[in-house]
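Reader: I am new to protein structures and would like to learn how to read one. Could you walk me through it step by step?

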2 protein chains.
Amino acid sequence: MIRLRPGFILLLLLSFCPAQAAPSPLQEKVRAWRVAHERELIDEYREFVAIPNITIDRANIRRNADFIVGMLQRRGVEARLLTLPSPNANPVVYGEVNVPGATRTIMFYAHYDGQPVNPAQWAPGWEPFTPKFATAPVEQGGKIIEGWKSGDRVDPQWRLTGRGSADDKAGVMTIINAYAALAAAGAGPTANLKFFFDGEEELNSPSLADMITAHRELLRADLWLILDGPCHPSGKKVVGFGVRGDVNLNLTVFGPKRPLHSGNYGNWAPNPSQALVNLLASMKDESGRVVVAGFYDDVIPLTPAERQALAAVPSIEDELKRELGLANPEVPGRTLFEGFTLPTLNLNGIQGANVGLLAANVIPTVARATLDLRLVSGNDAKRQVAKVVAHIEARGWHVLDRDPTDAERAQYSRIIRIELKSLGTNPQRTPMDLPIARAVVAAVQSTVDYPVVQLPTLGGTLPLITIEQMLGPKIISVPVVNSDSNQHAENENLKVQFLWDGLETYAALMTMR
Amino acid sequence: MIRLRPGFILLLLLSFCPAQAAPSPLQEKVRAWRVAHERELIDEYREFVAIPNITIDRANIRRNADFIVGMLQRRGVEARLLTLPSPNANPVVYGEVNVPGATRTIMFYAHYDGQPVNPAQWAPGWEPFTPKFATAPVEQGGKIIEGWKSGDRVDPQWRLTGRGSADDKAGVMTIINAYAALAAAGAGPTANLKFFFDGEEELNSPSLADMITAHRELLRADLWLILDGPCHPSGKKVVGFGVRGDVNLNLTVFGPKRPLHSGNYGNWAPNPSQALVNLLASMKDESGRVVVAGFYDDVIPLTPAERQALAAVPSIEDELKRELGLANPEVPGRTLFEGFTLPTLNLNGIQGANVGLLAANVIPTVARATLDLRLVSGNDAKRQVAKVVAHIEARGWHVLDRDPTDAERAQYSRIIRIELKSLGTNPQRTPMDLPIARAVVAAVQSTVDYPVVQLPTLGGTLPLITIEQMLGPKIISVPVVNSDSNQHAENENLKVQFLWDGLETYAALMTMR
């Protein structure tokens, strides 16, 4: 049994209602600069989010990159695009600030591309690339603030709406403006700063290795600090020591060559949606456990330090269940953050013909699904995909990477096309007890009066393993955005206060000892 | 062992290559009239298919109804709209031709409304409501014939494209023009003719009972002849003695109240798509058998006459497998037409978030499916739905007919909203050995030299049980359209020859003894 000292109990109580710490002198300077520049910051941010940023939209991606170069240059930072000969390689925006006498170089990473959008799924008035302010997330009854115009007051509890407002243009805004605030306050950074703004993160950064090969010297640093992902759902600041890997599979199941009337062919022609449904159901049991053979076999057990950190993470599950309207988590008894340390098999999407008002009485020609496999230390993207493919083959499916020929259709009852969206990204983890890790925690801790949440791994994915293997720096994540931002989904939004707080966090990191 | 006489073997051989019979004198007259009027017929048909006809599109439905009244009146038929006070009741187009001395009254039924369309799913150049000619179905490499204009020759092997071109504006065209051809040829009908063109069939004709109550005397007839559904896949003409019933269920499964990042919540928040997939997979086993308790229990066994008719239906399964690119039917060994005599559970559509290029790494808020339950003699729509709902409840689901409240979300892990698209339609069957049944078969048989295909029941659904129970006529179906018409689906089309042949079939029925 653990006995708690009264002081610790007080700390625990406090930790349930994170309050603004009494600000440090540095925080006060950053805050004063921000208050004085709010109008320009907000105007620039809105202009930035208004540029569409889907990863494969090459023309607009370039507009985003050019915009960021402009942002850096306006703040006196030497900036340029790093490019590759391939037209499908999106540019990296690179910048640097050299500090005389500095003995350490820190790279600051964020990404400016965003996940695909289906505008039809956004709430009325919420648009992916027309940023607006809303009183709250749409799921909490948030309303768009009509008639707001540049220069009007912005309540820090409001949300700025739009794809990328949180994930991860907020990262670009935070890093650049934390530096601007320091520079304006004459509180210079203590390390050489480098900036790396990725334009391919949402496709698992397929050009990153080539980019590093082409620009190896520029990209050297002692530490890469990663600004992506959310804060703790309580709003508390987080330091993350790893990321999950990720790989996506697109599945297509083939039915009859032409769509069929469900009466005139029903009970005879196989329905590809039903076949896909049966296949997907075979992958996960009713208790949420993936039953693909060997799915959890490669996972490296947590270190004692990681286990300890995980145990210290404030419990948030009851609040989350209430906020999200869930009676129970997928696997009863497993906490949110314990789940981060295991691989996932998530059904991102499934579609066969139409539903609701558009539904017709048909047997369709194809049914499609997209799977998302998150990976943890020990997993490998290729190996994890192979397990899923083996599971599918073991159930009698003929697997292709293209549409079937007539001869294949005549031979095989169950035909599935499986394509990888990309080669995927492997997971990465940094030991929590390195001196540099302690310094990062201390810098973030200096801005708040509750214990900073330390996670052995974040739930999301970044291509950090490539950076670690090719360049060898230490890599640590310090997210800033609200956890209810609808990242990756419709009605994405950033709670403005989180950007303001993030400036102070990153100013502390840029001046850490 | 069955020994075949040489003559029967010849008949069997002939039956594999249906040839045009040496035309009867009546056929010759109808054909000559049609050849002389092809341009007007085609122009009128194209104008008709160009009027959008989705059942719930009230304004356009009315335009269709008015158009049909005009068609009838131009041919000298007394015509009117039958309406009801409800604004949601689509009008029936009614017409009649009284024949002095006739002792029998025949009602001719077709419907002018069509299934919903998703234009994005149609092939490039194929549009739901811009009828064009194509060389063949899109699945057989058919191309739109560019530059065709009114008056140009129409190859009878071509397809007229568009929603309703086959299902079932072809029925309206056939019935009206068979009469016009007879009238022009002075070969008057032998019975009083009535015409009933339904505007709600694709929603299971929810106003039909009220319509019969309001217009009972007008709608009396000795025989209702139903023109809907396809010919045998070989192209052979069919007489059908029954229809399946049908009822649709819309299912919505609820996940988190806001869409979640699949990394930041994966392994914790349940995915509604996965839950729906697991539920749907539990309804049908890998061999295609529905495993919902009692699903097949109510089915009334076939009569000896029905069994005999079914055994005589030409086998078409090998050709169908080839045409549709299927190695095996859903239930190995079951013929297409045997399947018609059993209820179905068909997954019309399923959708959770997005797939392919639009897919994002998310856990969505809802997942949806639409089920289609076809019913056969002995089944009842309400009872069949209750079996499916009981199956869902037995698996631990809390069933609602609306979205859940917060309190319900907090209490139940598995919440599903189930709504009926309509109350559904029960099946109907007419004995095959009645004298009037024999007369109908003889009339159709008089137009071809192969044995007409006689089916105990068609695979599709029509609200015939309501007509039988409220008005008491005999009811028999004589379809005319090609079976590869993509009825209910994208790229619907009518093969023109089937319309031309249908005129002769219906002229024979209007003059039968």
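This is a predicted model: local features need pLDDT of at least 70, side-chain atom pairs count only at pLDDT 80 or more; totals for chains, interfaces and linings use all residues.

**Two chains, strand by strand**

Reader: Which residue of E6(A) stands opposite A:Tyr109?

Author: E3(A) is also joined to strand E6 (residues 192–198) of chain A, by seven bridges, and these two strands run parallel. Strands of a sheet pair through backbone hydrogen bonds, either parallel or antiparallel. In E6(A), the residue opposite A:Tyr109 is A:Phe196.

Reader: How many of the seven residues of E3(A) are buried?

Author: Here a residue is called buried if 20 or more other C-beta atoms lie within 10 Å of its own. Strand E3 of chain A, residues 105–111, is mostly covered. Of its seven residues, the number buried is six.

Reader: Now a helix, please: why do the buried residues of H12(A) line one face?

Author: Helix H12 of chain A spans residues 435–445, and its buried residues are A:Val440, A:Ala443 and A:Val444. Looking down the axis of H12(A), you would find these buried residues within one arc, so they line one face of the helix. On the other side of H12(A), A:Pro435 and A:Arg438 are exposed. The arc that holds the buried residues is 95°.

Reader: Let's bring in chain B: which element gives the largest share of the side of chain B that touches chain A?

Author: The contact takes 86 residues from chain B and 84 residues from chain A. On the chain B side, elements supplying at least two residues each include strand E10 (245–254), helix H6 (272–281) and strand E12 (346–352). The largest share is seven residues, and it comes from E12(B).

Reader: In the pairing of the two E12 strands, which residue stands opposite A:Gly352?

Author: Strand E12 of chain A and E12(B) are joined by three bridges and run antiparallel.

Reader: Which are the edge strands of the open sheet of ten strands?

Author: Follow the order E15(A)-E16(A)-E10(A)-E14(A)-E12(A)-E12(B)-E14(B)-E10(B)-E16(B)-E15(B), where the pairing is mixed. From one strand to the next, the twist averages 25°. An edge strand here pairs on one side only, and that describes E15 (398–400) of chain A and E15 (398–400) of chain B.

Reader: Where does H6(B) lie, and at what angle to E14(B) does it run?

Author: H6(B) lies across strands of both chains: E12 of chain A, together with E10, E12 and E14 of chain B. Its direction relative to E14(B) is about 20°.

Reader: Last one: which residue of chain B has the C-alpha nearest the axis?

Author: Chain B is superposed on chain A by a rotation of 180° with 0.0 Å of shift along its axis (RMSD 0.0 Å). The two copies are therefore related as by a two-fold rotation axis. In chain B, the nearest C-alpha is 2.2 Å from that axis and belongs to B:Gln351.

How values were computed:
Residues are numbered from 1 along each chain as its sequence is written. Chains are lettered from A and ligands numbered from 1 in the order in which they are written. Two residues are in contact if their C-beta atoms, placed from the backbone, lie within 7 Å. Helices (H or I, at least four residues) and strands (E, at least two) are DSSP runs, numbered from the N terminus. Two strands pair if DSSP finds at least two bridges between them. Axes are lines fitted to C-alpha atoms, for helices over the stretch in contact, and angles run from 0 to 180 degrees between N-to-C directions. A residue is buried if 20 or more other C-beta atoms lie within 10 Å of its own, exposed if 12 or fewer, and partly exposed in between; C-beta atoms are placed from the backbone. The arc is that of the directions from the helix axis to the C-beta atoms. Copies are superposed by least squares on the C-alpha atoms of residues with pLDDT of at least 70 in both.
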